[in-house]
Amino acid sequence: MYTARQELTFSDSRPRVIAVKTNGGTLVVKKLVGADEVVADTISTDGAKVMQLGTTKTIFVPTGGCAYEVEQ
């Protein structure tokens with residue numbers, strides 16, 4: 001599981017599973033739109049979530065001890 005900021009670009013647009021163990025923190029999922037990072041979702045509960053992330057850059061920002069894993 002990851003505990004640091006990560007930037008990913010996927011080669012296809014299939015849905016991805018994101019597993020999160022918040023440990024009291026949150027995971028902010030952002031999309032790069034031009035030069036701006038736009039918040040797509042904020043996850044603050046443990047669990048797994050399916051997200052349609054597309055093929056543009058996706059940025060994962062954990063805070064407060066959050067750990068996460070992204071299906072590749």
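In the predicted model, V28 has T42 of β4 as its bridge partner. This bridge belongs to the setting of β3 and β4, two strands that pair in the antiparallel sense over seven bridges. Both strands are part of an open sheet of four strands, in which the order is β1-β6-β3-β4 and the pairing is antiparallel. The edges of this sheet are formed by β1 (6-8) and β4 (36-43), each of which pairs on one side only. Between neighbouring strands of the sheet, the average turn is 25°, with direction ignored.

N23 lies in the loop that runs between β2 (16-21) and β3 (26-33), and its phi is near 50°, a positive value in a residue other than glycine.

T56 is placed in the loop between β5 (47-51) and β6 (58-63). With a relative accessible area of 42%, T56 is likewise described as partly exposed. When residues up to four places away in sequence are not counted, T56 touches L8, K31 and L32.

Terms used:
Residues are numbered from 1 along each chain as its sequence is written. This is a predicted model: local features need pLDDT of at least 70, side-chain atom pairs count only at pLDDT 80 or more; totals for chains, interfaces and linings use all residues. Side-chain values use heavy atoms; hydrogens and water are left out. Buried means under 20% relative accessible area, exposed over 50%, partly exposed in between (1.4 Å probe, protein chains only). Contact means heavy atoms within 4.5 Å. Two strands pair if DSSP finds at least two bridges between them. Axes are lines fitted to C-alpha atoms, for helices over the stretch in contact, and angles run from 0 to 180 degrees between N-to-C directions.
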